[in-house]
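Subject: Structure handover

Hello,

Here is the structure you were going to look at. My notes on it follow below.

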Amino acid sequence: MESTKFSPITKLSKEEVDRKWWEIGDFFRRNSLWMLMYCTGCCAIELPPAMTSAYDMERLGMGPMATPRQADVLLVTGYLSLKTLRRVIYTYEQMSEPKYIVGFGSCTINGGIYHDSHVVINQLDQYIPVDTYVAGCMPNTEAVMNGFIDLMSLIKNKKADGWKRYKENYEWYKKNQIDSLGEVQVHDEYHQ
Amino acid sequence: MTNTINNVEFVRNLVEDNYKVNKTEVIDQYQVSFEVEKEEVHRLLAQLRSEGWIQMSYLSAIDWIADNEFELVYIVFNWEKPVYIQVRTRLDRDNPVMESIMPIHPGCKYYEREAHEYFGIEFPGNPDFHKPLILEDWDDMPPLRKDFDPRAYSDAHFSSREYPETHENTLGQESKVAQRESRMARVFKVGKGGKK
């Protein structure tokens, strides 16, 4: 029997409920980002001022994390050689979802000053999905902080969906990785 | 405190009296370079080691493509008499083989592997010289040879970003050229624009 005192509770569809929970999750997630810093490039020198008292990224709720499995954001700071790209793919696939990538500097965009090198890749987003770039060679710290705020607004607007693209286009990414690397698996005398 | 000028003289006497030196170069009071024949390198390095040049600082190669030769540079250092000695030797570029110096300086193993990987020089006597060290799954000629074209390799293996030829002003801002020119005209009317 329907109550005459209270208006009936509207039943939301499952998609609607999911969407609301994702919005709540995104709110907390974007205000508490744990970053994994892959600092093999020279842009990594911009992270110490961004993390310490000069720009203090902790006021944005960001902090460093030691392991890929507990991190949300992967910062790829600069050029990647074939050798480090293999390790980046390992690292990225270990991270738990949702996961985001920020590419630093012109090397991750188009190769930068290493565009004609025989070991440095030219476009990072051919191999793993990049959510936002920070341009510059190297970008100054204001640009780095701005890039983090960009990432937060992308998460808010549901545009930071690189991890979904990676799952949907997994064959395409894998094909690009194999084309450039030959084999993603690491074989060297120290791991055998 | 040892006298550094005498150290250089000491090294020159030691080497030039006992070996056939093609070229000697005294770079400064701490560095001397000797170019010797390929066969004499081992005897020279062994004698220098017994005289106190115990530290194998570096081994590198240079590709002299016009002469069709590789040049090997061994750099040894003495902590008692502070002189770096560069021992240089030339190898045939078509068949670059050099006996390993691991019996004299065992730490040279990784330098020899690096030289093999980047220049294709073979070091019999070093058990691992053919193993890859830095490059992984390399499928082309050794990359630091002068006839290797890194740009062609990069174009063949890595896609590069394509940019549109035309650019559009998405924000609808007006051109600042006229503004800048009028500002410069005003500057030159008032003064000399900063020039003397």
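**The hairpin in chain B**

S1(B) and S2(B) form a hairpin with 2 residues between them. Helices (H or I, at least four residues) and strands (E, at least two) are DSSP runs, numbered from the N terminus. The model is predicted: local features need pLDDT of at least 70, side-chain atom pairs count only at pLDDT 80 or more, and totals for chains, interfaces and linings use all residues. Residues are numbered from 1 along each chain as its sequence is written, while chains are lettered from A and ligands numbered from 1 in the order in which they are written.

Strand S1 of chain B covers residues 21-28 and pairs with S2(B) in the antiparallel sense over 6 bridges; two strands pair if DSSP finds at least two bridges between them. In this pairing, B:Lys23 stands opposite B:Glu35 of S2(B). S2(B) is also joined by 5 bridges to strand S5 (residues 84-92) of chain B, and these two run parallel. There, B:Gln31 is opposite B:Tyr84 of S5(B).

The side chains of S2(B), residues 31-36, alternate. B:Val32, B:Phe34 and B:Val36 point to one face and are buried (20 or more other C-beta atoms within 10 Å of the residue's own, with C-beta atoms placed from the backbone).

**Chain A**

Chain A has 7 helices and 5 strands, in the order α-β-α-β-β-α-β-α-β-α-α-α along the sequence. Its C-alpha atoms fill a box of roughly 75 × 40 × 30 Å, taken along the principal axes. Of its 192 residues, 35% count as buried.

Helix H1 (residues 14-30) and helix H5 (residues 141-156) of chain A pack at about 170°, with axes 9 Å apart. Axes are lines fitted to C-alpha atoms over the stretch in contact, and angles run from 0 to 180 degrees between N-to-C directions. H1(A) is therefore roughly antiparallel to H5(A) (angles over 145 degrees). A:Asp26, A:Arg29 and A:Arg30 of H1(A) make the contact with A:Met152, A:Ile155 and A:Lys156 of H5(A); a contact requires C-beta atoms, placed from the backbone, within 7 Å.

**Between the chains**

In the interface, 14 residues of chain B are in contact with 18 residues of chain A. The chain B side has 4 nonpolar, 4 polar and 6 charged residues (nonpolar: Ala, Val, Leu, Ile, Met, Phe, Trp, Tyr, Cys and Pro; charged: Asp, Glu, Lys and Arg; polar: the others, Gly among them).

Regards

Terms used: Contact = placed C-beta atoms within 7 Å. Buried ≥ 20, exposed ≤ 12 C-beta atoms within 10 Å, placed from the backbone. Parallel < 35°, antiparallel > 145°, perpendicular 65-115°, else oblique.
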